[in-house]
Structures are given as C-alpha cells and as structure tokens.
Amino acid sequence: MHIDIITCLPELLESPFGHSILQRAQAKGLVEVVVHNLRDYSSSKQRSVDDYAYGGGAGMVLQIEPIARCIEHLQEQRTYDEIIYMTPDGARLEQGMANALSLKKNLIILCGHYKGVDERVREKYITKEISIGDYVLSGGELAAAVLADSIIRLLPGVLNDETSALSDSFQDNLLAPPVYSRPADFQGMKVPDVLLSGHAGKIEEWRHQKALERTAHRRPDLLKGSEGENEK
Ligand code: ADE
C-alpha cells in the first residue's frame, strides 16, 4: 500500500510514523508513507498556502492552487483509489471503514488547517471525507495519523500475530474481552482460573462471553446494529 499525506505542518507527522508498528511496517516494505509539505507547492515567495475567506469572518482558508498542484503532481505518478480529506464534518471513522480502506492500493490523505480548505478542493478532488470524532482539532494531521494507523495495522504481516487485529475491539461489533499477564496473583487480585486452565475451548468461550458482557454494558448500541453493519 502507498499513502501520500498532504499537510502544511509535516513536522507534526514525523513522530507517529517514526516509531513502533508504523515504522516497522514501512521498514518491512508493507506500506510506503510519504508526507508532502504543501508549502513546496506554493507559488509565493513566502511559501504561503492560505488566505482570508471571501465574505469575511475569522480564520484563514487553505487555498486551492497549492493543493491542486500537489494532488495533480501525485496523480501523474499513480492512480489513487481514494483522495481523503480529514475534516470534523466528514463521515465518522469506524472499524468497518478502516477495514475497507486497508484493501486499497493508493491513498491520498489531505490535512485541513485553519478554517479548512477552499470548498472547490472538496468538489474537484476529494472522494471521501472522514472525521475521527465529534470534536475539533487544530488541524487534520493528528486525525490523518489516527486514520493511517487504523489502516496500516490491518495490512497482512504488520502485526506479529496476524490474528491479533481480528480480535481487536469493534471487529464483529464487539468490544475486546479483558486480558491479563503475570503475576497470576497481584495483592490478592487473581487472574480468572479459566485462563490458567490451558483448555483452549473454554478460554475461547469465556472470552466471547466477556466480550458480550462488556459490549452490552458499555456499548449496547453496537449489539443492536450488529448485523451487516461492519463494511460501510
Ligand atoms: N480536523 C479537525 N478536527 C478533525 C476531526 N475531528 N476529524 C478529522 N479531521 C479534523
């Protein structure tokens, strides 16, 4: 998979992709993440990429021209399955969306800033608009990192134990069951006996039961809409 991220603050994305699972996924050649500085596509001496909003009002708007130049430059090199804009008014990111995007080959993720991007960018180039939740961040960079992480960890070979992404919360519309590690007894708090039993069938049954209980208690909405809701 190849992911191009367009931002006017590339520094904000250095850390998320420079460590741990995301860094190893790139080192293993399972995904290529390239961050593009929008300022490199500015035509002004000051490398500016934003301007006042027509009609007035507070806040600057990311201009269409640098974004158009950047996207069209990238499109000369590959065909994109989706050109995604991170925005609080987009469709809310859910596991099903991450699953579907993990099957794509080439993605562009555009990070908004200030008051957002010129509406014509959305009309002309964007194929999908995604929000990571009902709150407003200072820019789309952290949201882009969240989206990319949710996708990349699903790619075959990225996680050591390939089954572990399948047992994540939200796969099958269930929250994950509780997990324990050593010691078996911490100040009288004991690990459930079944997990020490070595009986794979009983352990699996216990985990499924706990996942159901936890979901019913914390997120009953997931159980209600479960059938066929996974792949949006
Ligand atoms: N940019 C600012 N806030 C955001 C959000 N909640 N989701 C995606 N992009 C954003």
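Helices (H or I, at least four residues) and strands (E, at least two) are DSSP runs, numbered from the N terminus. By this rule, Tyr114 is found in the loop between β6 and α5, and the chain as a whole comes to 9 helices and 9 strands. The structure is a predicted model, in which local features need pLDDT of at least 70 and side-chain atom pairs count only at pLDDT 80 or more, while totals for chains, interfaces and linings use all residues. Residues are numbered from 1 along each chain as its sequence is written, and side-chain values use heavy atoms, with hydrogens and water left out.

The predictor's confidence in each residue is given as pLDDT, from 0 to 100. The mean pLDDT of the chain is 93, and 96% of its residues reach 70 or more. Over residues 228-232, however, the pLDDT is below 50. The C-alpha atoms of the chain fill a box of roughly 70 × 40 × 35 Å, taken along the principal axes. A residue is called buried under 20% relative accessible area, exposed over 50%, and partly exposed in between (1.4 Å probe, protein chains only). Buried residues make up 41% of the 232 residues in the chain.

We turn next to the sheet. Strands of a sheet pair through backbone hydrogen bonds, either parallel or antiparallel. Here two strands count as paired if DSSP finds at least two bridges between them. In this model, 5 strands form an open sheet in the order β2-β1-β6-β5-β7, and the pairing is parallel. The strands at the edges are β2 (32-37) and β7 (128-131), each of which pairs on one side only. Strand β1 (residues 2-7) is joined to β2 by 6 bridges, and Ile3 stands opposite Val33 in β2. Towards β6, strand β1 has 5 bridges, with Ile5 opposite Ile109 in β6. Strands β5 and β6 also pair over 5 bridges, and there Tyr85 stands opposite Leu110 in β6.

Strand β6 shows how such a strand may be enclosed. In a regular strand the side chains alternate between the two faces of the sheet. In β6, Asn106, Ile108 and Leu110 lie on one side and Leu107, Ile109 and Cys111 on the other, and all are buried.

Which strands does helix α3 lie across? Helix α3 (residues 64-75) lies across β1, β2, β5 (82-92) and β6 (106-111), and runs at about 165 degrees to β1. For such angles, axes are lines fitted to C-alpha atoms, for helices over the stretch in contact, and the values run from 0 to 180 degrees between N-to-C directions. The expected span of a helix is 1.5 Å times one less than its number of residues. The 12 residues of α3 should therefore span 16 Å, and its end C-alpha atoms are 16 Å apart, which agrees. The buried residues of α3 include Ile64, Ile67, Ile71 and Leu74. Among the elements that cover the buried residues of α3 are β1, β2 and α5 (119-124). Another helix, α6 (residues 141-152), lies across β1, β2, β5, β6 and β7, running at about 155 degrees to β6.

A nonpolar core is a set of buried Ala, Val, Leu, Ile, Met, Phe, Trp, Tyr and Cys residues joined through side-chain atoms within 4.5 Å. The largest nonpolar core has 26 residues; those with the most contacts inside it are Ile5, Phe17, Met86, Ile130, Leu147 and Ile152. Helix α6 gives the most to this core, with 7 residues. A second, separate core of 21 residues includes Leu38, Leu74, Tyr80 and Val121.

Contact means heavy atoms within 4.5 Å. Not counting residues up to four places away in sequence, Ile130 touches several residues, including Met86, Leu101 and Leu147. Residues 24 or more positions apart account for 75% of the contacts in the chain with a separation of 6 or more.

Two single residues complete the picture. Tyr114, by comparison, is partly exposed, with a relative accessible area of 42%. Leaving aside neighbours within four places in sequence, Tyr114 is in contact with Cys8, Arg39, Asp50, Met60, Leu62 and Ser138. The C-alpha atoms of Tyr114 and Gly139, 25 residues apart along the chain, are separated by 6.9 Å.
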